[in-house]
Amino acid sequence: MGRLEGRVALVTGGGDGIGRAVVERYVHEGAKVVVLERDKRLATAIEHAHPGRVAAVIGDVRDPATHLTATECGLDTFGQLDVYVGNVGVYDFGAKLDDLQITQLPGAFHELFATNVLGYLLGVRAASAALRESRGSIILTSSSSGSYAGGGGALYVASKHAVVGLVRQLAYEFAPDVRVNAIAPGATRTGLTGVAGLGGDRRLREETRLLDSIATTIPLGFVSDPEQHAGLYVALACPDDTGFITGAVFPSDGGLEVRGRRPARRPGRQDKP
Ligand SMILES: NC(=O)c1ccc[n+]([C@@H]2O[C@H](COP(=O)([O-])OP(=O)(O)OC[C@H]3O[C@@H](n4cnc5c(N)ncnc54)[C@H](O)[C@@H]3O)[C@@H](O)[C@H]2O)c1
């Protein structure tokens, strides 16, 4: 018996990256999964990979109707909804405020916040009645940028801090019916892309030099793969394992909190190459 046997989850952005790893793991643990995904090719691929266990809804998380359709898909196709994973996010590739044209800011802000923050609000709102009914679990993908500066630019870091605020407020509003928690991954080798004008044509996993330099800042010394976060998503979906946890944010970031200061250099001693 898998740990999620008999449960139904909805995962946004489940066609690639962290979302896809969560879907694969949920299916492995016995869940049935609705995937809300913008990219038709990715949506079709994950549905075909798991016939009868994954149902894909193609749409954009900035569109309220898409979320209503995804929730209805869970109820109509699989009969219930127990777990909501809000996961779609876009990046700003660390754009510094002073490097942006002032006229660029409104468009970039609206695209990034509509995806990273409004997308989660809409998804939770659409699914809330079904989740209250099942006394379910909401899991939002935040980021190490929800706690620390420097892993993104001001837009991305502010949006992920906003996700932490959402988790706290929604945990308050939904208790005692639904638990609400977040997972905060650190750098992960995915196709994470930027907003228009701020890396909209870039893909994080293709930026080898950037990933190598990020790895040097992580205490564990490497950039993660999406599968390395998936176990936390399973645990938070399981009331038997985490039924007394709500309003919490779990880091999965290679130990950024213990990064501390660089060790002091002894006078006259050369750094190792
Ligand atoms: N990759 C990292 O280093 C990293 C680190 C910390 C947090 N995160 C967070 O993890 C989450 C997942 O990102 P990822 O790295 O797996 O990225 P990804 O781009 O690999 O996956 C995101 C998925 O969402 C889909 N998507 C994008 N915009 C959409 C939209 N508007 N509507 C519907 N679907 C859309 C994409 O097609 C893709 O399948 C994001 O919230 C991101 O901020 C990523």
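Contact is taken here as heavy atoms within 4.5 Å. The structure is a predicted model, in which local features need pLDDT of at least 70 and side-chain atom pairs count only at pLDDT 80 or more, whereas totals for chains, interfaces and linings use all residues. Residues are numbered from 1 along each chain as its sequence is written, and side-chain values use heavy atoms, with hydrogens and water left out. Helices (H or I, at least four residues) and strands (E, at least two) are DSSP runs numbered from the N terminus.

Ser137 belongs to strand E5, which spans residues 137-141. With neighbours within four places in sequence set aside, Ser137 is in contact with Asp82, Val83, Tyr84, Leu131, Val178, Arg179, Leu236 and Ala237. Relative accessible area is used to class residues as buried (under 20%), exposed (over 50%) or partly exposed (in between), with a 1.4 Å probe and protein chains only. At 1% relative accessibility, Ser137 is buried. A polar atom of the Ser137 side chain lies 2.9 Å from the backbone oxygen of Leu236.

Helices H4 and H5 pack with their axes 11 Å apart and at an angle of about 20°; axes are lines fitted to C-alpha atoms, for helices over the stretch in contact, and angles run from 0 to 180 degrees between N-to-C directions. The two helices, H4 and H5, are therefore roughly parallel to each other, a class that covers angles under 35 degrees, with those over 145 counted as roughly antiparallel, 65 to 115 as roughly perpendicular and the rest as oblique. The crossing of H4 and H5 is right-handed, meaning that the near helix is turned clockwise from the far one by less than a right angle (anticlockwise for left-handed). Residues of H4 that make the contact include Phe109, Phe113, Tyr120 and Arg132, and those of H5 include Tyr156, Val163, Leu170 and Phe174.

Val157 also lies in helix H5 and is buried, with a relative accessible area of 13%. Beyond neighbours within four places in sequence, Val157 is in contact with Ser145, Tyr148 and Gly152. The C-alpha atoms of Val157 and Gly94 are separated by 8.9 Å, although these residues are 63 apart along the chain.

Side chains of opposite charge can pair when their charged atoms come close. With a salt bridge defined as a side-chain nitrogen of Lys or Arg within 4 Å of a carboxyl oxygen of Asp or Glu, the count comes to 10 salt bridges. One of them joins Asp177 and Arg132, at 3.0 Å from N to O. Asp177 is in the loop between helix H5 (154-174) and strand E6 (179-185), and Arg132 is in helix H4 (residues 105-134), so that the pair links distant parts of the chain, 45 residues apart. Asp177 is partly exposed at a relative accessible area of 22%, as is Arg132 at 32%.

A salt bridge at 4.0 Å, N to O, connects the side chains of Arg38 and Asp60. Because Arg38 lies in the loop between strand E2 (32-37) and helix H2 (40-49) and Asp60 in the loop between strand E3 (54-58) and helix H3 (64-78), the pair ties together parts 22 residues apart in sequence. Arg38 is exposed, at 52% relative accessible area, whereas Asp60 is partly exposed, at 21%. Arg38, Asp60 and Arg62 are linked in a network of salt bridges.

Definitions and conventions: A polar contact is a pair of N or O atoms within 3.5 Å; within protein, one must be able to donate a hydrogen and the other to accept it, and residues adjacent in sequence count only if both atoms are side-chain atoms.
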